[in-house]
Amino acid sequence: MNADVICQLIEAGLPGASAQVHSDDGVHFEAVVVAEAFVGKLPLARHRLVYATLGERMGGEIHALQIKALTPAEAAR
């Protein structure tokens, strides 16, 4: 799995989202995701939305994913 594929999966699964994904080893990833879908949601709910876009890949091809999930307003600050 590579960062570009994860980015594409997140953006496809969360319409209108913008994702940036990085990895130093191809197994542990960091993602910054900005989406209107996060408005009014607590951090755990936001993370669940991102995990849902990756499905069974989590815990398999993607060993670990650190997520920073922001609304557009939060990202603009």
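**Figure 1. The salt bridge between Arg46 and Glu74.** In this predicted model, the count of salt bridges comes to one. Its partners are the side chains of Arg46 and Glu74, which meet at 2.8 Å, taken from N to O. Because Arg46 belongs to helix H2 and Glu74 to helix H3, the pair ties together parts that are 28 residues apart in sequence. The two partners are described separately by their accessibility: Arg46 is buried, with a relative accessible area of 9%, whereas Glu74, at 27% relative accessibility, counts as partly exposed. As a general point, side chains of opposite charge can pair when their charged atoms come close.

**Figure 2. Helix H2 and its two sides.** Helix H2 takes in the twelve residues 43-54, which at 1.5 Å a residue should span 16 Å, and the 17 Å between its end C-alpha atoms agrees with that expectation. Its buried residues are Arg46, Val50, Thr53 and Leu54. These cover an arc of only 105° around the axis, and they therefore lie on the same side of H2. In general, an α-helix has 3.6 residues a turn, so residues three or four places apart point the same way. On the other side of H2, the residues Leu44, Arg48 and Ala52 are exposed. The cover over the buried residues of H2 includes helix H1 (3-13), strand E2, strand E3 (64-70) and helix H3 (72-76). Just after H2 comes Gly55, which takes a positive phi of about 50°.

**Figure 3. Thr71 in the loop between E3 and H3.** Thr71 is placed in the loop that runs between strand E3 and helix H3. With a relative accessibility of 7%, Thr71 counts as buried, because the cut-off for that class is under 20%. When its neighbours within four places in sequence are left aside, Thr71 is in contact with Val34, Ala35, Phe38, Val39 and Arg46. Arg46, one of these contacts, is also the residue whose side chain meets that of Glu74 in the salt bridge.

**Figure 4. Asp24 in the loop between E1 and E2.** Asp24 is found in the loop that lies between strand E1 (18-23) and strand E2 (28-34). Asp24 and Val34 are ten residues apart in sequence, and their C-alpha atoms are 22 Å apart in space. Val34 is also among the residues in contact with Thr71.

How values were computed:
Residues numbered from 1 in each chain as written. Predicted model: local features only at pLDDT ≥ 70, side-chain atom pairs only at ≥ 80, totals over all residues. Heavy atoms only, no water. Helix = DSSP H or I, 4+ residues; strand = E, 2+ residues; numbered from the N terminus. Expected span 1.5 Å × (residues − 1). Buried < 20%, exposed > 50% of the residue type's maximum accessible area, 1.4 Å probe, protein only. Arc of directions from axis to C-beta. Contact = heavy atoms within 4.5 Å. Salt bridge = Lys/Arg side-chain N within 4 Å of Asp/Glu carboxyl O.
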